[in-house]
Amino acid sequence: MVELAPSILSCNFANLEEDIRQTQGTDLKMLHVDVMDGIFVPNISFGFKVIGDLRKITDYYFDTHLMIEEPIRYIKDFKKSGVDRLTVHYEACKNLDETINEVKANGMEVGLTFKPATDMKLMLPYLDKIDLLLVMSVEPGFGGQSFMKDSLDKIRFFRKYIDDNNLDVKIQVDGGIKTTNVDKVIDAGCDIIVAGSDVFASDIREKINKYYQIFKEKSL
């Protein structure tokens, strides 16, 4: 069944622990953690201390999206903070193979993503080396953007390629996802849905339950 990864970037940071606790008692298994450095993207979010403190209060799987230049510099630090999967940007790594290998060597799953304008076919040589491919359906860097409809074609493209080549790679989509359009990305072949403002700007537990209701209906 499809899984949900709510992005904590949309949490109330004055009340972060309580927002996370509001997700409990649902089918949720993971949280999406967006780390930005103000260089690769024009925004700054948070770092190791926030992630480490959250790890102390929850055993959720930490699905972490690095929007930072040369993430290889910090892989050991993310491991120490409690991250389970690191997703890096194709455009941010001078040596992508070395970065992927370093993530694996530190005992984490590895994801790969790319900006909407980047040629998606450049990801193909890496699909047998990663655990997850993240399709960005907005420009990385800010929450609350509108979903880019051409992302559906990208998901379909990768779904077919992964299935045709019997690869063990999950497809994730991030950006502009709501309960009103999530069915389209599921139908396109997505495995993991990232949603931020749609989850944390309302009744958190109720909205998560709504997503999983849709997922269960789609799996029938």
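Q: How many of the residues of E7 are buried?
A: This is a predicted model, where local features need pLDDT of at least 70, side-chain atom pairs count only at pLDDT 80 or more, and totals for chains, interfaces and linings use all residues. Residues are numbered from 1 along each chain as its sequence is written, and side-chain values use heavy atoms, without hydrogens and water. Strand E7 spans residues 170-174 (strands, E, at least two residues, and helices, H or I, at least four, are DSSP runs numbered from the N terminus). Buried means under 20% relative accessible area with a 1.4 Å probe, protein chains only, and E7 is mostly covered, the buried residues being four of its five.

Q: Which residue stands opposite Lys170 of E7?
A: Strands pair if DSSP finds at least two bridges between them. E6 (residues 132-136) and E7 run parallel, joined by five bridges. Opposite Lys170 stands Leu132.

Q: Which residue in E8 is the bridge partner of Asp174?
A: E7 pairs with E8 in the parallel sense over three bridges. Val173 stands opposite Ile193 in E8. For Asp174, the partner in E8 is Val194.

Q: Through which helix does the chain cross from E7 to E8?
A: A crossover is right-handed if, with the strands pointing away from the viewer, the path from the first strand over the helix to the second runs clockwise. This β-α-β crossover is right-handed, and its helix, residues 182-188, is H6.

Q: Which residue stands opposite Glu3?
A: Strand E1 (residues 3-6) and E8 run parallel, with four bridges. In E8, the residue opposite Glu3 is Ile192.

Technical notes: Buried means under 20% relative accessible area, exposed over 50%, partly exposed in between (1.4 Å probe, protein chains only).
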